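This report describes selected local features, helix contacts and confidence values of a protein complex. The sequence and structure are shown first.

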2 protein chains.
Amino acid sequence: MPKRDREATRARLLEAARLRFAREGYDATSVRDIAGDAGVDATLIFRYFGSKKRLFDEVTADLPAGLPDGPEEELVARMLRAVVFHDWTRYGGEHPLVAMLRSSAHDDARQRIRREVCDTYVDALRDLAEGGDRELRAELLSAWLVGIGILRSVVATPALAGASADDLAPHVEAVASALLGRPMRGAPGSEG
Amino acid sequence: MPKRDREATRARLLEAARLRFAREGYDATSVRDIAGDAGVDATLIFRYFGSKKRLFDEVTADLPAGLPDGPEEELVARMLRAVVFHDWTRYGGEHPLVAMLRSSAHDDARQRIRREVCDTYVDALRDLAEGGDRELRAELLSAWLVGIGILRSVVATPALAGASADDLAPHVEAVASALLGRPMRGAPGSEG
């Protein structure tokens with residue numbers, strides 16, 4: 001196969017794997033399902049990725065990176081928009097953390113989630129927090145963002161599923177300010 | 001088989017199913033696994049429960065019920081203790097909602113989670129909330145409890161995994177009071 005075709009096939013397999021793992025979790029997904037979605041033979045998965053496990057690693061390592069820049073008093077508002085209100089269509093409509101959670105019976109999926117949550121959210125929030133107990137308060141605020149994402153997309157509780165980022169702004173301001181021990185804004189450009 | 005033995009076998013199957021579904025999710029669990037854990041033949045699952053799906057329904061319908069009674073300003077503190085700090089050994093060490101989440105690619109598992117979250121948490125919190133937007137604020141507080149449970153048990157972020165219910169008390173008081181628009185206590189019997 002010419003190199004260009006190999007690259008295209010590899011990309012198609014990654015795309016199919018991302019959706020399958022997101023929707024159904026690691027265990028329920030077979031390499032045959034993924035190959036079928038991509039319209040290729042399952043042996044290609046082993047040739048290109050080595051194993052289902054390595055394919056999963058590659059898919060979950062390829063998460064959308066980082067948060068947009070902005071003033072630090074808007075950090076929580078930016079996180080909320082990036083995590084909860086992002087368009088996750090490419091990942092089956094849900095934040096990839098949910099997919100990892102669905103596969104969380106596996107220790108390495110757990111470790112991956114922990115690293116992801118700690119590196120992306122907890123660390124940045126801890127650096128902003130004032131007063132004692134900063135690590136715990138940063139984790140409590142990260143827990144809230146994760147919980148909002150789950151209730152909104154997986155559980156679909158009625159008020160959250162129908163809410164806009166602006167509807168949440170006053171509550172984000174109240175909770176973020178209470179947990180970080182400093183005034184935070186609920187929306188970009190809003191009054192603190 | 002005498003009736004007493006049938007009852008004992010049925011109970012053993014439920015116990016084994018509860019652990020398997022909790023640890024591995026619905027899809028990754030086979031009736032053969034469950035029967036093997038219970039030390040019986042898989043055909044008994046179909047005889048006693050009809051199908052894997054009905055067995056799952058029975059296991060997840062059998063959740064520990066309700067919250068202990070107490071003053072309403074301590075409701076969130078009681079919920080936190082009941083949900084996050086409960087001993088879930090019987091369910092594989094995690095709140096059964098996590099198991100349902102792991103099976104949440106299935107629409108009926110999602111509906112079950114939604115009912116569970118709304119009936120047990122959101123409704124009671126909404127009834128306590130003061131001011132406008134009560135439904136949304138009750139869901140936001142429920143999201144926090146769900147998120148704390150997940151970060152503590154599945155993701156195991158370091159500060160939360162090591163925290164006691166008392167460590168969380170001041171933060172519970174701050175966040176619950178902010179979201180419900182009225183003074184709440186962070187721990188049973190604590191000053192409001």
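## A buried threonine in chain A

A:Thr29 counts as buried because its relative accessibility is 2%, where buried means under 20% relative accessible area, exposed over 50% and partly exposed in between, with a 1.4 Å probe and protein chains only. The residue lies in the loop between helix H1 (3-28) and helix H2 (31-38) of chain A. Helices here are DSSP runs of H or I with at least four residues, numbered from the N terminus.

If its neighbours within four places in sequence are set aside, A:Thr29 is in contact with A:Arg20, A:Phe21, A:Glu24, A:Ile34 and A:Lys52; contact means heavy atoms within 4.5 Å. From C-alpha to C-alpha, A:Thr29 and A:Ala17 are 8.5 Å apart in space and 12 residues apart in sequence.

## Basis and confidence of the model

This is a predicted model, in which local features need pLDDT of at least 70 and side-chain atom pairs count only at pLDDT 80 or more, while totals for chains, interfaces and linings use all residues. Residues are numbered from 1 along each chain as its sequence is written, chains are lettered from A and ligands numbered from 1 in the order in which they are written, and side-chain values use heavy atoms, with hydrogens and water left out.

The predictor assigns the complex an ipTM of 0.80 and a pTM of 0.80. Chain A has a mean pLDDT of 86, with 94% of its residues at 70 or more; pLDDT is the predictor's confidence in each residue, from 0 to 100.

## Helix H5 of chain B and its two partners

Helix H5 (residues 75-83) of chain B and helix H7 (residues 107-128) of chain B have axes that come within 11 Å and cross at roughly 170°. Axes are lines fitted to C-alpha atoms, for helices over the stretch in contact, with angles from 0 to 180 degrees between N-to-C directions. H5(B) and H7(B) are therefore roughly antiparallel; angles over 145 degrees count as such, those under 35 as roughly parallel, 65 to 115 as roughly perpendicular and the rest as oblique. On the H5(B) side the contact is made by B:Leu75, B:Val76, B:Met79 and B:Val83, and on the H7(B) side by B:Thr120, B:Tyr121, B:Ala124, B:Leu125 and B:Leu128.

The axes of H5(B) and H8(B) come within 10 Å and cross at roughly 30°, so these two helices are roughly parallel. In this pair, B:Val76, B:Met79 and B:Leu80 of H5(B) meet B:Leu141, B:Leu145 and B:Ile148 of H8(B).

B:Val154 is placed in helix H8 of chain B and is buried, with a relative accessible area of 0%. B:Val154 and B:Gly93 are 61 residues apart in sequence and 9.4 Å apart in space, C-alpha to C-alpha.

Most residues other than glycine have a negative phi. B:Asp133, in the loop between H7 and helix H8 (134-155) of chain B, has a positive phi near 65°. With 44% relative accessibility, B:Asp133 counts as partly exposed. B:Ala156, in the loop between H8 and helix H9 (158-162) of chain B, has a positive phi near 55°. B:Ala156 is partly exposed at 26% relative accessibility.
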